[in-house]
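Subject: Structure handover

Hello,

Here is the structure we talked about. Please open it first, then read the notes below.

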Amino acid sequence: MAPYESDDNSAAGATEDLHPGRRRAARYVVPVAVVGVAAATIGLVPALADSGDPDLPKITAQQLIEKIAESDVQQLSGTVRISTDLGLPDLGGLESGLLSAGSRSGDGRDGSSADPSSKLTELATGTHTLRVAADGPDKQKLSLLENAAEYSLIHNGEDVWGYDSSSNEVYHSTVPGSPKEGEKAKEREREDVPATPKDLTEEALKSVDDTTSVTVDGTVQVAGRDAYKLLIKPRQSGSTVGAISVAVDAKTGLPLKFTLTPASGGAAVVDAGFTQVSFAEPAASTFDFTPPKGAKVTEGDENGKGDKAHEGAKAPEHGQKQGHKHGQKSEEELGKELDGLKVLGEGWNSIATFDTGGQGLPSTDVGGDVGGFLNSLGDKVTGTFGEGTVFKTRLVNALLTDDGKVYVGTVTKDALVKAANAGK
């Protein structure tokens, strides 16, 4: 049976041009990337209340997929809500410390609280409200609204600005100058982090094959817009993914809402969609930004990598590599390790595996607060592979063996142990 359950069985052709390995890997990439949804762009379109089932012309799954592919919305503004519930344990404030550590540069200097690479990780948990605006590929703005503060990320031409009003800190970087280089950079970003409902939908569709059911599941209203509902579900058992539902604007083809529910039931793992949206041209002043008086400004390298504060921090000389603390691995070293990443199995039960080249977690026999904390992170498991720890969320599970091998996927704990046993 073709994967698209519609009147047009040729819909399977939508994925025929994809490399089989990339299709399999997409099932791993999409759920993991959901954790950082909205970290890269502002086209993010989060959660809303449905308000009726509009009467729209009938459409097949294939036709709706083509409508998404042909969508070319250049201008929009609106309010967005995103709710993420991965079922992570309460770390008692440790999350803030981890995020703060992530904003530090390679030589141990404090980074900027306005750096989007650390600030937008807040979207990985809880419910957040954002304002978004876009005017073509070179002007976008996202503002994260907090209790008594606001964080804004603005892209205007070659400049990218991040501003954290709570700390009065600014982060500035530039995108590649030439259109060709800029397009390549955007392609790399889309491959690494599917960040909008449209991106997430396209990545999900890349994984469509005979293990997937894709149907049109009626109509809905989102932010006052009539929309079709595209439903993507695994045919296989054993996956932690229950279903992916996408509300697609009937007029423009833009995904307005992306909802991923787990096989275990309960609240959605990710629910992202517009609460208000307009496709009128935003005012040009929307994308203007000048650092406020007295603000600390941190400059990033081209493409936003690295940082150097205006307040006298010395940048490495030409040819000198940025240092890192003993025991920490450089990005280059980690990249070489991940070059060996393999995808085991097929369909929604695919498991990504790689070898860290090191030991697993420190022994949990250390006792005290440290031992209790490590034990709270996951479940100890054993098998013919040896021993390891399974870290669980409501969507992505990962097994780290004591000899440093990692198995991760949107599959059950038993499936990870079975894969590790087969790998010996």
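Start at S239. Its side chain reaches the backbone oxygen of T410 at 3.2 Å. That is a polar contact (N or O atoms within 3.5 Å, one able to donate a hydrogen and the other to accept it; residues adjacent in sequence count only if both atoms are side-chain atoms). S239 is found in the loop between β8 (225–234) and β9. Strands are DSSP E runs of at least two residues, helices H or I runs of at least four, numbered from the N terminus. S239 is buried, at 9% relative accessible area. Buried means under 20%, exposed over 50%, partly exposed in between (1.4 Å probe, protein chains only). S239 also touches W348, N349 and V411, among others, not counting residues up to four places away in sequence. Contact means heavy atoms within 4.5 Å.

This is a predicted model: local features need pLDDT of at least 70, side-chain atom pairs pLDDT 80 or more, while totals for chains, interfaces and linings use all residues. Residues are numbered from 1 along each chain as its sequence is written, and side-chain values use heavy atoms, without hydrogens and water.

Now the sheet. Six strands form an open sheet, ordered β14-β15-β19-β18-β17-β16, with antiparallel pairing. Two strands pair if DSSP finds at least two bridges between them. The edge strands are β14 (342–344) and β16 (378–383). Six bridges join β16 to β17 (residues 386–392). One partner of T382 to look up is E387, in β17.

Best wishes
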